[in-house]
Amino acid sequence: MSRWREAFLALRNGVDPQVVLRTLKQGFDTYDPCDTWQKSSESGVKTSCDTLRHIESSPVPSVTSVATDFDSKTPGIPPSVTSVTTVKGVYLDFETRNTSGCNLDTAGAWRYAADPRTEVLTLTYKLDGGAHQLWLPSLGWCDPLASLAADASTSFICFAGFELAVWQRIMVERLGFPSIPIGRWIDAQAECSYFAVPRTLGKVLPVIGAPVAKDEAGKRLVRCLSKRDRKTGEYPEVTPEILDRVAAYNQIDVDGLIAVHTAFGSLSEQERRVWELDQRINQRGLGIDVELVRAAKRISEISTSALLEEFAGLTRGLSPYQVGKTREWLTGRGFTLENIQEETVQAALDELTLPEDVRRVLEIRLITASTSLKKLDAMLACVGPDGRARGLLRYHAATPGRWSAELIQPQNLPRPTVEIEDSEELVAAVKTGDPKALRRWGEPLEVLASALRFAVCAEEGSLFGAADFSAIEACVLLALAGQHDKCSLIAGGVDIYRDMAAMIYGLDRDRFLAIREEELTLEQSEQRRIGKNTVLGCGFSMGGLRFRNQYLRHLPRQEGEKLAAGIVYTHYRKTWAPKVPQLWRDLEASARRAMLHPGIPIKARCGIVYTLDKIAGLPTLVCRLLNGKHIHYVNARVDANKLDPYGNPVWTYWAYRKGQWREIDPYGGQLTENVVQALARELLVDRMFAFEERGYQIVLTVHDEVLIEHPQITKMVMEKIMTERPQWAEKIGVPVATKAWVGKRYRK
DNA sequence: GTACTCTGCGCC
DNA sequence: AAACGGCGCAGAGTAC
């Protein structure tokens, strides 16, 4: 029996609620008093809730939908028992608050919903064609809600994964409502992601021209309820008036949700499967070694505070994070740096003769610049009572369909920069909590960052299996472009980076290829590095200037520019992969033709099809991939007044970039990159299904890498499953090579 | 106070 | 004939 169920029964049997709550909290305290929360609740004390009084009296925005039924005693529509083929939809949205400082933004929906001090304020739900229904926690377990949840033919439609978490952790585990399997949930936010429109309700509604707008005042009110009053230090009391206002806000959110789902409709069958997989992964969670994280945090704090103090002493009170002011200080000491990026600072340390204080300031900036160790706080904030962090992945967050990640953001854990022979030895050293224990590996903060991945840990009795595709984007690109000679090289196990380098530097190709990896001279390694950058970087129409800036900064400017121009324009485009520029033109011309002929599918030579369609009333260029998957370019319009330098009509679309909904000018290289990235994602998704079907549970995906957790996984099984490829990839000849490892802790 | 932009950094 | 990659996060600074 779960702790919640126990508490629920205790309450029903008349046990003092305070006692029950204390018991529950104790259960949590044993695993995690959550030091980070203490901080956030303290800052909550300082937060003003003065606005509360404003908001209470602020008018409720007009509601467009007419039907309103807030009388919970009115019987709802009885659940369908006659037909399972009639699928009903229930739209629903929770408003909640937390009174312990647990922050939804940092804890994530799953940790937040599991917190004993998270409470439901209101739940508004609405059946297709029916009236809004209000459920309040005071009603407890009740019909028709419970019957709807139990009814296999009823879908629950929500916005984002939040409702799934609250339903499971609170409605099911605390109140005894029936659990709703993933297959019966529909997430309108996933639809937004798939169709590449903004992912927040407030932002997407105006984009689709919905007659509903987000109730911003209501949103602020609900947020206020989770913050302590600045003066009294107490959480606000939820008065009947406030509850009414929250319910009104809640209802408007449901209307917004309906507008979004009605506009976009459901995901395709194919993507629906991917979303369900996404939810399984997110609910499963990723194991975190909390003991390791705690110890690492201690070391990090000791080491960092000493460095910050030293820095402040040298600079009259500055912090190394104050970029502008640190640069000013450096200028004052006679050293003007164009920026204080790692590379610039490192170069200054290497090349200039510096006074001791300037040198030390730059050194400290280098050590403290990485914010990777903030992930320790992120881990503690979102890890659940069972030591697993949930809700880390965001389905289809990038236009081509890749996942992104949040909270811990496990997709950008630093790669180790110090040499680690035995991970368990290092883990043990970190667990001492003493910076000195790390000295044998290097600078403590650098060692910690290098050990960060080890905090991701398989559960007792289980192992991680990981596998990734080697240079998958280059492989897909070359295959799609029909550059078969290079695909054959890859398939034959040739190091194409060296093949490329041999061409650039005019080396004896066969002899260069024959050298064993560990016998490459420094110069030869450098040549291979440039070859690698060329193969991976030039595929999407990068120009010579950018190539020089990105990869050849260490050379004198003129020499670098000359070499870059030769590499990009002559070696790569003309000789090594001449079919690739043809692919850019192919896709760009096809997309443009589709834009000029609405509704007519235009097939590029590579088999990709573009069609200008209407989605949610918005002109959308739909790109159909080789397996039927779509990429969407929303608000796609031809700009009648403009021609590009070659006399072609120009078109634009809109996308969410850098936190803003903005106009984008597409070009061939970018369209190619989207298609290639999307196809690489399809290859990975295909393998993810293969792992799951064979009973290997996926816990993380990182673009070209998959991590599974299983008691008996082996490297051989990982490689065997990972190497298979779908028919379409077989057909165009995508070479697939994979590397795998098995172990207790996550690593690179 | 909140929202946004900028710089910087990490991964692919 | 061909250019600007993506993602999230932290912290500082600015505007409202």
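# DNA contacts, sheet and cysteines

Trainee: Which residue has a side-chain N or O atom 2.7 Å from a base nitrogen of DNA strand C?

Mentor: The distance falls under the definition of a polar contact, a pair of N or O atoms within 3.5 Å; within protein, one must be able to donate a hydrogen and the other to accept it, and residues adjacent in sequence count only if both atoms are side-chain atoms. The residue whose side chain provides the N or O atom at 2.7 Å from the base nitrogen is Glu588.

Trainee: What pLDDT must side-chain atom pairs have in this predicted model?

Mentor: Residues are numbered from 1 along each chain as its sequence is written, chains are lettered from A and ligands numbered from 1 in the order in which they are written, and side-chain values use heavy atoms, with hydrogens and water left out. The model is predicted, so totals for chains, interfaces and linings use all residues, local features need pLDDT of at least 70, and side-chain atom pairs count only at pLDDT 80 or more.

Trainee: How many residues surround DNA strand C?

Mentor: A residue is near a strand if one of its heavy atoms lies within 4 Å of it. The closest are Lys374, Arg546, Arg573, Glu588 and Tyr646. The number of residues surrounding DNA strand C is 25.

Trainee: What is the division of that surface near DNA strand C by residue class?

Mentor: Ala, Val, Leu, Ile, Met, Phe, Trp, Tyr, Cys and Pro count as nonpolar, Asp, Glu, Lys and Arg as charged, and the others, Gly among them, as polar. For DNA strand C the surface divides into seven nonpolar, seven polar and eleven charged.

Trainee: What percentage of the atoms of DNA strand B within 4 Å of the protein is sugar and phosphate?

Mentor: DNA strand B is surrounded by 22 residues, and the closest are Glu342, Asn412, Leu413, Arg415 and Asp704. For the atoms of DNA strand B that come within 4 Å of the protein, the share of sugar and phosphate is 88%.

Trainee: In what order do the five strands of the open sheet run?

Mentor: Helices (H or I, at least four residues) and strands (E, at least two) are DSSP runs, numbered from the N terminus, and two strands pair if DSSP finds at least two bridges between them. Strand 1 pairs with strand 4 in the parallel sense over four bridges, and with strand 2 in the antiparallel sense over nine bridges. Strand 4 and strand 5 are parallel, with three bridges. The pairing is mixed, and the order is 3-2-1-4-5.

Trainee: Which residue of strand 2 is the bridge partner of Asp93?

Mentor: On the strand 4 side, Tyr91 stands opposite Ile157. Ile157 in turn has Ile186 in strand 5 as its bridge partner. In strand 2, the partner of Asp93 is Thr124.

Trainee: How many of the eleven residues of strand 1 are buried?

Mentor: Buried means under 20% relative accessible area, exposed over 50%, partly exposed in between (1.4 Å probe, protein chains only). One face of strand 1 has Lys88, Val90, Leu92, Phe94, Thr96 and Asn98, the other Gly89, Tyr91, Asp93, Glu95 and Arg97, and both are covered. For strand 1, residues 88-98, the buried count is eleven.

Trainee: How many disulfides does the structure hold?

Mentor: A disulfide is a pair of cysteine sulfur atoms within 2.5 Å. Cys192 is buried at 0% relative accessibility, but its sulfur is 12 Å from the closest cysteine sulfur, in Cys158, too far for a bond. Cys623 is also buried at 0%, and its sulfur lies 8.3 Å from the closest one, in Cys606, again too far. The number of disulfides is zero.

Trainee: Which residue's side chain is joined to Arg681 by a polar contact of 2.9 Å?

Mentor: Arg681 sits in helix 28 (residues 668-693). Arg681 has a relative accessible area of 3%, so it counts as buried. The side chain joined to Arg681 at 2.9 Å is that of Glu271.
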